[in-house]
Amino acid sequence: MNHAEVLVDGFDRIKGVVHDTLDDIAPDALTYRVDGEANTIAWLVWHLTRVQDDHVAGVAGSEQVWTADGWNTRFGLPFDDGAIGYGQNSDDVAAVTSGADLLRGYYDAVHARTVAYVESLEAEDLDRVVDENWNPPVTLGVRLISVLSDDLQHAGQAAYVRGVFDRT
C-alpha cells in the first residue's frame, strides 16, 4: 500500500461514517440536540465537509467546491462563504437545517475532489511545507492527517447523536 492508498483509505472511512449516519435518517434527527448547546448532525456533517473542502483546496491551490460548484448558494446559510464552523456559537449551529441529500451531495463532491488530489500526489509531496505559522512548520502530510483526524472525530460525533436520537 502506498502513501496515496493509505490516505484514500482514511478519507473513505470518513465517507462510510457520514453515509451510515445520513442513510434513512429522520429529518428531525438532523437538527436534534442532545442538550440545548450541543452540535447537531446537520452542523457536524456540514462543518467536517467545510473543513475538508477548505483545507484540501488550500493545499491544492484550487477554489473550494463550496463556491466553485455553487453549494454555498444551495445551502443558503446566513454565513460568509469562508465560514467553516470554527468559532461558531449555538445559534450558528441551529442555522444549519439542511436535509440529508444536500449534506451527502456536498460531502460526496468534496470527497471526490479530495481523493483525486491525494491520488495525484507523489510521496515526496507530503514533505512540502504548507503552513509556516506553526513551530515546526506544517507539511502537506501533517495537514492531510490533521483533516482526517478532525473529520473522523466529527463524523463519529454525528453517528453518536444519530444513535441517541434513534433511542429516544
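Predicted model: local features only at pLDDT ≥ 70, side-chain atom pairs only at ≥ 80, totals over all residues.

Reader: Which residues line the largest cavity?

Author: They are Gln52, Asp53, Val56, Ala57, Ser62, Val65, Val110, Arg113 and Thr114. Two or more of the lining residues come from each of helix 2 (41-60) and helix 6 (100-119). Helix 2 gives the most, with four residues.

Reader: What makes this space a cavity, and what is its volume?

Author: A cavity is a set of points where a 1.4 Å probe fits but cannot get out. The volume of the largest cavity is about 40 Å³. A search of the whole structure with a threshold of 30 Å³ or more finds one cavity.

Reader: Why is histidine 47 called buried?

Author: The term buried requires a relative accessible area under 20%. Histidine 47 has a value of 2%, and therefore it is buried. This residue lies in helix 2.

Reader: Which residues does histidine 47 touch, not counting residues up to four places away in sequence?

Author: Histidine 47 touches Ile84, Gly85, Tyr86, Asp150 and His154. Contact here means heavy atoms within 4.5 Å.

Reader: How do you know that isoleucine 41 is buried?

Author: The relative accessible area of isoleucine 41 is 0%, which is under the limit of 20%, so the residue is buried. Isoleucine 41 also belongs to helix 2. Its contacts, leaving aside neighbours within four places in sequence, include Thr21, Leu22, Ala158 and Val161. The C-alpha atoms of isoleucine 41 and serine 98 are separated by 9.8 Å, and these residues are 57 residues apart along the chain.

Reader: How do you know that the span of helix 1 agrees with its number of residues?

Author: The expected span is 1.5 Å times one less than the number of residues. For the 20 residues of helix 1 (residues 3-22) this should be 28 Å, and the end C-alpha atoms are 29 Å apart, which agrees.

Reader: What caps the N-terminal end of helix 1, and what follows the helix?

Author: Asparagine 2 caps the N-terminal end, with a side-chain oxygen 3.0 Å from the backbone nitrogen of alanine 4. Helix 1 is followed by aspartate 24, whose phi is positive, near 55 degrees.

Reader: Against which helices do the buried residues of helix 1 pack?

Author: They pack against helix 2, helix 6 and helix 7 (140-167). Among the buried residues of helix 1 are Leu7, Phe11, Ile14 and Val18.

Technical notes
Residues numbered from 1 in each chain as written. Heavy atoms only, no water. 1 Å grid on protein atoms, 1.4 Å probe; cavity = no way out; pocket = protein on both sides within 12 Å on 5 of 7 lines; lining within 4 Å. Points joined across faces, edges and corners; volume = space filled by probe spheres on them. Buried < 20%, exposed > 50% of the residue type's maximum accessible area, 1.4 Å probe, protein only. Polar contact = N/O pair within 3.5 Å; in protein donor to acceptor, adjacent residues only side chain to side chain.
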